[in-house]
Amino acid sequence: MNEDQKFLEHAIHALVDDHDQVKIERVVDDYGVFLKVHVSKDDMGKIIGKKGRTAHALKTLLRVVGSREQNRVNMKIIDPEIDEAVA
């Protein structure tokens, strides 16, 4: 597991109640690293935060972690009901 994925998993586990439902997929392409975050429906609000502030803060921190390895890291939170990105 890479450093960016470890960091995000640790941060997500600190925020959610249902740790068993946390799943992070890591995809590397020409544009950089893309992390897809899957959490339970009940924990979606905790990850997104008020007005998306928590999600934005996590994305900012991931950019810092990725810059240490000269990678561009981005994150999307996947809605479990429709299986599409929400933040």
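Begin by selecting Asp17, Asp43 and Lys46, which are linked in a network of salt bridges, a salt bridge being a side-chain nitrogen of Lys or Arg within 4 Å of a carboxyl oxygen of Asp or Glu. This is a predicted model, in which local features need pLDDT of at least 70 and side-chain atom pairs count only at pLDDT 80 or more, while totals for chains, interfaces and linings use all residues. Residues are numbered from 1 along each chain as its sequence is written, and side-chain values use heavy atoms, with hydrogens and water left out.

Stay with Lys46 and look towards Asp17, where the N to O distance of their salt bridge is 2.2 Å. Because Asp17 lies in the loop between α1 and β1 and Lys46 in helix α2 (residues 44–48), this pair ties together parts that are 29 residues apart in sequence; helices (H or I, at least four residues) and strands (E, at least two) are DSSP runs, numbered from the N terminus.

Now turn to Asp43, whose salt bridge with Lys46 has its closest N and O atoms 3.6 Å apart. With a surface display, compare burial, where buried means under 20% relative accessible area, exposed over 50%, and partly exposed in between (1.4 Å probe, protein chains only): Asp43 is buried at 2%, Lys46 is partly exposed at 33%, and Asp17 is exposed at 58%.

Next, select Asp4 and Arg26, another salt-bridged pair, with the closest N and O atoms 3.1 Å apart. Asp4 lies in helix α1 (residues 3–15) and Arg26 in strand β1 (residues 23–29), so the pair ties together parts that are 22 residues apart in sequence. Here Asp4 is buried at 1% relative accessibility, whereas Arg26 is partly exposed at 25%.
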